[in-house]
Amino acid sequence: MRRGGTSRVPLLTVGGHRDPFREEALELWRGWGGPARLLLGPWGHRLTAEPAQDHRLNLGRLYVRWARAALEGSLTPERRGTVALEGSGAWLPLPQDAGPPIVHDCLEAAYGPECTADPERPARSDAVDVPRDGVPDRCVLLTPPLPYEMDVCGQATFRLRASASTPSADWVVRLTFQNAETGAGPSAVGIVRRCHTPLRDEEFEVPLGFLARRLPTGSRLRVEVAGHHFPAHARNPHTGEDPVTAVQLHTSHGTVTPAGCVLTLHRATYEGPVDPLEETCR
């Protein structure tokens, strides 16, 4: 990716909202020197092999048409991107700059705010349900219900204020959207590893990555803060050692201060939806 800025050959990058390499796809597209096209759909790493009811697209047809345009030299030289707005069925032109910020700083602690990162019972990466038995393994914060429908598009961040009982801790922030019709569904995850002065409150930012989604009226944004994200990520031993080679795993007790937490999204700005095939191949 470092040499991409000097390249003049055309680039087509296709990724998905739930693709673990989504941010790398965005970075490659932004730094490319030649004609660059990006398509982000509502998929995981298998792309359209995973059904997307509201955003059906024939990628084979798109690849052939794009390759023909690239070989003929008919692609315009600027950088162009197209993104699926989840929850709407629409495709949008990907903005070069972030839209107006949407700041949520009135978060209610629905579970917690004290939580324990126990390596014997790590918070799971493959489930969205919150266990109600035993010691809380996460803190759950909720925004008030949205007063109107909202389209968000851009990088999301979470400013976290918290303390840990150990000198090293992972802070996993998982953002989900929930409403009366669909329940909760995962949308973004960010992880920061920090060295701490034990039990001292600190404020720091957790990047959540790129989001493009329509939020219906009445939706609530749910932020989960935990010390593990297993098995997607190795358990932090909380000693400062490498999690892959550590042989002693200790428990860390954390406390989240809701009054110091802020979720920032960005409002989508666009004149209207676009055709992903036309937008990618011109």
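## The largest pocket

The lining of the largest pocket divides into 10 nonpolar residues (Ala, Val, Leu, Ile, Met, Phe, Trp, Tyr, Cys and Pro), seven polar residues and seven charged ones (Asp, Glu, Lys and Arg), with the others, Gly among them, counted as polar. This is a predicted model, in which local features need pLDDT of at least 70 and side-chain atom pairs count only at pLDDT 80 or more, while totals for chains, interfaces and linings use all residues. Residues are numbered from 1 along each chain as its sequence is written, and side-chain values use heavy atoms, with hydrogens and water left out.

The volume of this pocket is about 640 Å³, and of its 24 lining residues the closest to the centre are Arg18, Asp19, Pro20, Arg22 and Val189. A pocket here is an open set of points on a 1 Å grid where a 1.4 Å probe fits, with protein on both sides within 12 Å along at least five of seven lines, and lining residues have an atom within 4 Å of a point. Strand 11 (183–195) gives the most to the lining, with six residues, while helix 1 (22–31) and strand 12 (202–215) each supply at least two; helices (H or I, at least four residues) and strands (E, at least two) are DSSP runs numbered from the N terminus.

## Cysteines

With a disulfide taken as a pair of cysteine sulfur atoms within 2.5 Å, the count comes to zero. The sulfur of Cys106 lies 12 Å from the closest cysteine sulfur, in Cys261, too far for a bond, and that of Cys261 lies 7.2 Å from its closest, in Cys139, also too far.

How values were computed: Grid points are joined across faces, edges and corners, and a volume is the space filled by probe spheres set on the points.
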